[in-house]
Amino acid sequence: MLEDKALVESVCHDFENAPIAEKEKALLRYVAVVNDTPAQTSQAHVDAAKAEGWSDQALFDALTVAAIFNFFNRWLDGAGLPDVPQGFYEERLGQHGDMGYKM
């Protein structure tokens, strides 16, 4: 298995070809539709993710996270606020650890 950073980068770059389970790919396909073309999200997208074992609650949570990130990014962009500096997240991770989040 790839080390954590390389795995995350491979998922972010091309999750379809990343070394993750089909179940995770199904969830990311759903989130991609919600994120990229939200008006085209259909029951078929939900059913495909559920067929891989995702619950209604898990899909609701994924939808909520995608919506919050979209809102926040648009709000920051619209307000003209700059992105965090290069290395900010790595520095925070070094200072505070992973805060209990698991890969």
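Before looking, I noted the convention for handedness: a crossing is left-handed if the near helix is turned anticlockwise from the far one by less than a right angle, and right-handed if clockwise. The model I am reading is a predicted one.

Entry 1, the chain. I counted 5 helices and 0 strands in the protein chain, and read along the sequence the pattern is α-α-α-α-α. Of its 103 residues, 17% are buried, and the C-alpha atoms fill a box of roughly 40 × 40 × 25 Å along the principal axes. Its accessible surface comes to about 8000 Å², with 60% of that belonging to carbon and sulfur atoms.

I looked up H2 (residues 22-36) against H3 (residues 43-51) and found an angle of about 160 degrees, the axes being 8 Å apart. Because angles over 145 degrees count as roughly antiparallel, H2 is roughly antiparallel to H3. The crossing in which H2 passes H3 is left-handed. On the H2 side the contact is made by Ala26, Tyr30 and Val33, and on the H3 side by His45, Val46, Ala48 and Ala49.

I then turned to Leu27, which lies in helix H2. Its relative accessible area is 15%, so I record Leu27 as buried. Which residues is Leu27 in contact with, leaving aside its neighbours within four places in sequence? I listed Trp54, Leu59 and Ala62. I also noted that the C-alpha atoms of Leu27 and Leu63, 36 residues apart along the chain, are separated by 10.0 Å.

Technical notes: Residues are numbered from 1 along each chain as its sequence is written. This is a predicted model: local features need pLDDT of at least 70, side-chain atom pairs count only at pLDDT 80 or more; totals for chains, interfaces and linings use all residues. Side-chain values use heavy atoms; hydrogens and water are left out. Axes are lines fitted to C-alpha atoms, for helices over the stretch in contact, and angles run from 0 to 180 degrees between N-to-C directions. Helices (H or I, at least four residues) and strands (E, at least two) are DSSP runs, numbered from the N terminus. Angles under 35 degrees count as roughly parallel, over 145 as roughly antiparallel, 65 to 115 as roughly perpendicular and the rest as oblique. Contact means heavy atoms within 4.5 Å. Buried means under 20% relative accessible area, exposed over 50%, partly exposed in between (1.4 Å probe, protein chains only). Accessible areas come from the Shrake-Rupley method with a 1.4 Å probe; for residues, only the protein chains shown count as cover.
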